[in-house]
Amino acid sequence: MYSEKVMDHFQNPRNVGEIENASGVGTVGNAKCGDIMRMYLDIDDNGIIQDCKFKTFGCGAAVATSSMATELVKGKTIQEALEVTNKAVMEALDGLPPVKVHCSLLAEEAIHAALWDYAEKNGIVIEGLDKPVSDISEHEEEEEY
């Protein structure tokens, strides 16, 4: 069963779309379930995320986690955005069913992938940011062992 917040973000997703000439764009997916999430960031000269949009192909939980993730990083610094975890996304949505936790991982990885793209475009290193995986199902398998 989904929380009211999950249903609200699924039925009325915030920040859907693309940002032309985005500062950073990250695309991640999960080969096991078929979800694909693309996150766009507009970052100003002071390292503040001015805008964040997403396009997601996937289930309701994937749309809801994408929507909430954009809300959580807007107006934040790069470092603050890096600290938005899948747990933070789930908590902001009042939880997810266990079989949908991977959707929150997608949202976290999409943010990291967009930040990685931004860093590469600008020739900078973002402290604490590891190269993101494009398919989180590979990452899940590693964690299972």
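Two strands pair if DSSP finds at least two bridges between them. Helices (H or I, at least four residues) and strands (E, at least two) are DSSP runs, numbered from the N terminus. Keep both terms at hand for this tour.

The model is predicted: local features need pLDDT of at least 70, side-chain atom pairs count only at pLDDT 80 or more, and totals for chains, interfaces and linings use all residues. Residues are numbered from 1 along each chain as its sequence is written, and side-chain values use heavy atoms, with hydrogens and water left out.

**Stop 1: the strands**

Select β2 and β3. These strands run antiparallel and pair over eight bridges. Pick Tyr40, and look across to its bridge partner in β3, Lys53.

Gly24 has Leu41 as its bridge partner in β2. β1 and β2 also make a hairpin, this one with six residues between them. In its turn, Gly34 has a positive phi of about 90°.

**Stop 2**

Select Ser23, in the loop between α1 (4–11) and β1. Is Ser23 buried or exposed? Ser23 counts as buried, because its relative accessibility is 15%. Buried means under 20% relative accessible area, exposed over 50%, and partly exposed in between (1.4 Å probe, protein chains only).

A polar atom of the Ser23 side chain lies 2.8 Å from the backbone nitrogen of Ile43. A polar contact is a pair of N or O atoms within 3.5 Å; within protein, one must be able to donate a hydrogen and the other to accept it, and residues adjacent in sequence count only if both atoms are side-chain atoms. Show what surrounds Ser23. Not counting residues up to four places away in sequence, Ser23 touches Leu41, Asp42, Ile43, Asp117, Tyr118 and Lys121. Contact here means heavy atoms within 4.5 Å.

**Stop 3: the core**

Select Met39, Leu41, Val73, Leu115 and Ile126. Of the 38 residues in the largest nonpolar core, these five touch the most other members. Such a core is a set of buried Ala, Val, Leu, Ile, Met, Phe, Trp, Tyr and Cys residues joined through side-chain atoms within 4.5 Å.

Which element gives the most to this core? It is α5, with ten residues. Zoom in on Leu115. Leaving aside neighbours within four places in sequence, Leu115 is in contact with Leu41, Ile43, Ile78, Ala81, Leu82, Ile126 and Leu129.

**Stop 4: Ala62**

Move to helix α2 and pick Ala62. Ala62 counts as buried because its relative accessible area is 0%. Beyond its neighbours within four places in sequence, Ala62 is in contact with Asp35, Met37, Thr56 and Cys103. Draw a distance from Ala62 to Met37. Their C-alpha atoms are separated by 7.9 Å, though the residues are 25 apart along the chain.

**Stop 5: the salt bridges**

How many salt bridges does a search of the whole structure find? Five. A salt bridge is a side-chain nitrogen of Lys or Arg within 4 Å of a carboxyl oxygen of Asp or Glu.

- Select Arg14 and Asp8. Their closest N and O atoms are 2.6 Å apart. Arg14 is partly exposed at 24% relative accessible area, and Asp8 is partly exposed at 29%.
- Select Glu18 and Lys55. Their side chains meet at 2.7 Å, N to O. The pair links distant parts of the chain: Glu18 in the loop between α1 and β1, and Lys55 in strand β3, 37 residues apart.
- Select Lys121 and Asp117. The closest N and O atoms of this bridge are 3.1 Å apart. The two residues are separated by about one helical turn, because they are four residues apart in helix α5.

**Stop 6: a charge without a bridge**

Finish at Asp135, in the loop between α5 and α6 (136–144). Asp135 is buried yet has no salt bridge. The nearest side chain of opposite charge, Lys32, is 8.4 Å away. For charge, Lys and Arg count as positive and Asp and Glu as negative; His and the chain ends are not counted.

What does the side chain of Asp135 reach at 3.0 Å? The backbone nitrogen of Ala31. Leaving aside neighbours within four places in sequence, Asp135 is in contact with Gly29, Asn30 and Ala31.
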